[in-house]
Amino acid sequence: MLNVRRLSLRYPNGKLALADFDITVKPGELVIVLGGNGSGKTTLLRCIARTLNATGGEVSVNGTHLTRLSGAKLRRTRLALSMIAQHAALVRRRSVLINVAMGSLGRHGGIRTALGDLPPREIEAAHGYLAEVGLAHLAVQRAGTLSGGQAQRVAIARALAQQPRVVLADEPVASLDPEAAEDIMRLLRRLAGEERLAVLCVLHQVELAYAYADRVVGIRDGRMAFDLP
C-alpha cells in the first residue's frame with residue numbers, strides 16, 4: 001500500500017511545486033492522476049520515489065516511511081517501489097530478456113552485477129515477467145528493434161523484475177499511438193488486479209483515465225483538485 005500525507009515541495013527560490021498533497025493507493029488498485037503540463041503530477045511521483053526530496057509531508061510503502069530513511073535503508077525499502085517512465089530507456093544493443101532481468105539489479109551487489117552479469121535465477125525469472133506482458137516470444141530479440149508499444153511492455157516487465165508492491169507510472173503512454181496506449185493501460189489494469197499491486201499512474205488523457213482507473217485524482221498548481229471514483 002502507498003500512503004502519501006501532506007506532501008509538499010518548495011524550491012529554494014520560494015516557488016511552491018507541491019502543496020499538502022494526500023493520496024492512498026491500495027493493493028489491487030489503479031489510481032490515475034490527471035493534470036496538465038506544469039500541474040505538478042511528475043513532481044508528485046518524483047517526491048514519492050525520493051528522486052526529489054520533499055520539503056514536507058510523509059510517504060510510506062507498506063507501513064515503512066520512506067521520508068524518514070536515508071542511505072542503505074532507503075535503497076532497500078525503495079525496492080518495493082518501481083517506476084515506469086514515459087520513455088522505456090532500454091539498452092538497445094542488449095536482448096529483451098537481459099533488459100528485463102536488469103530490473104533485479106537492486107537486489108544484488110558487487111562489480112559483476114553492476115556490469116550486468118546477473119545470477120541465472122534472475123535470467124530465468126525474466127522469462128516469466130516477459131510472459132506476463134505477452135512478449136515471451138521476443139526474449140532473444142535486440143531491444144533496439146522493438147516498436148514503441150513493445151518497448152514500453154518490456155519496461156513494465158523490467159519493473160516487475162524488481163518485485164515491487166507499488167508501481168509508479170509517469171505518462172507511460174504519452175509517446176504511443178492510440179492502440180498501443182490502450183494496450184498499455186489494459187496491461188496496467190490487469191497487473192494491478194491480478195498481482196495485487198498498488199499502481200499510481202499520471203496521465204493527461206482524460207478518456208483513458210476514466211476508462212481504466214479505479215479512482216481519478218486531479219492536480220492543479222501542485223494541489224489536489226478532485227478525487228473521484
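The largest pocket of this predicted model is lined by 13 residues, and Arg78, Leu81, Ser82, Met83 and Gln162 lie nearest its centre. A pocket is an open set of points on a 1 Å grid over the protein atoms alone, with protein on both sides within 12 Å along at least five of seven lines, and lining residues have an atom within 4 Å of a point. Helix H1 (41-49), helix H2 (71-78) and strand E6 (81-84) are the elements that give two or more residues to this lining, and the largest share, 3 residues, comes from E6. Helices (H or I, at least four residues) and strands (E, at least two) are DSSP runs, numbered from the N terminus. The pocket holds about 370 Å³ of space, a volume being the space filled by probe spheres set on the grid points, which are joined across faces, edges and corners. Its lining divides into 5 nonpolar, 5 polar and 3 charged residues. Here Ala, Val, Leu, Ile, Met, Phe, Trp, Tyr, Cys and Pro count as nonpolar, Asp, Glu, Lys and Arg as charged, and the others, Gly among them, as polar.

Residues are numbered from 1 along each chain as its sequence is written. In this predicted model local features need pLDDT of at least 70, side-chain atom pairs count only at pLDDT 80 or more, totals for chains, interfaces and linings use all residues, and side-chain values use heavy atoms, with hydrogens and water left out.

E6 also belongs to an open sheet of 6 strands with mixed pairing, in the order E6-E7-E8-E3-E9-E10. E6 and strand E10 (223-228) stand at the edges with a single partner strand each, so one side of each has no neighbour in the sheet. From one strand to the next the twist averages 20°. Two strands pair if DSSP finds at least two bridges between them. Within the sheet, strand E7 (residues 166-170) runs parallel to strand E8 (residues 198-203), joined by 5 bridges; Asp170 has Val202 in E8 as its bridge partner.

Helices lie against this sheet. Helix H7 (residues 178-195) touches E3, E6, E7 and E8, and its direction makes about 155° with that of E8. H1 lies across strand E3 (30-34), E6, E7, E8 and strand E9 (215-220), at about 150° to E7. Contact means heavy atoms within 4.5 Å; axes are lines fitted to C-alpha atoms, for helices over the stretch in contact, and angles run from 0 to 180 degrees between N-to-C directions.

H7 and helix H6 (148-161) each supply at least two residues to the lining of the largest cavity, with H6 giving the most, 3 residues. A cavity is a set of grid points where a 1.4 Å probe fits but cannot get out. The whole structure has 1 cavity of 30 Å³ or more, and the largest cavity holds about 40 Å³. Its lining has 9 nonpolar, no polar and no charged residues, including Ile84, Leu160, Val167 and Leu188.

Another set of pairings involves strand E1 (residues 2-10), which runs antiparallel to strand E2 (residues 16-25) with 6 bridges. E1 and E2 form a hairpin with 5 residues between them, and Gly14 in the turn has a positive phi of about 95°. E1 is also joined to strand E4 (residues 56-61), again antiparallel, by 5 bridges. Asn3 stands opposite Thr24 in E2 and opposite Ser60 in E4.
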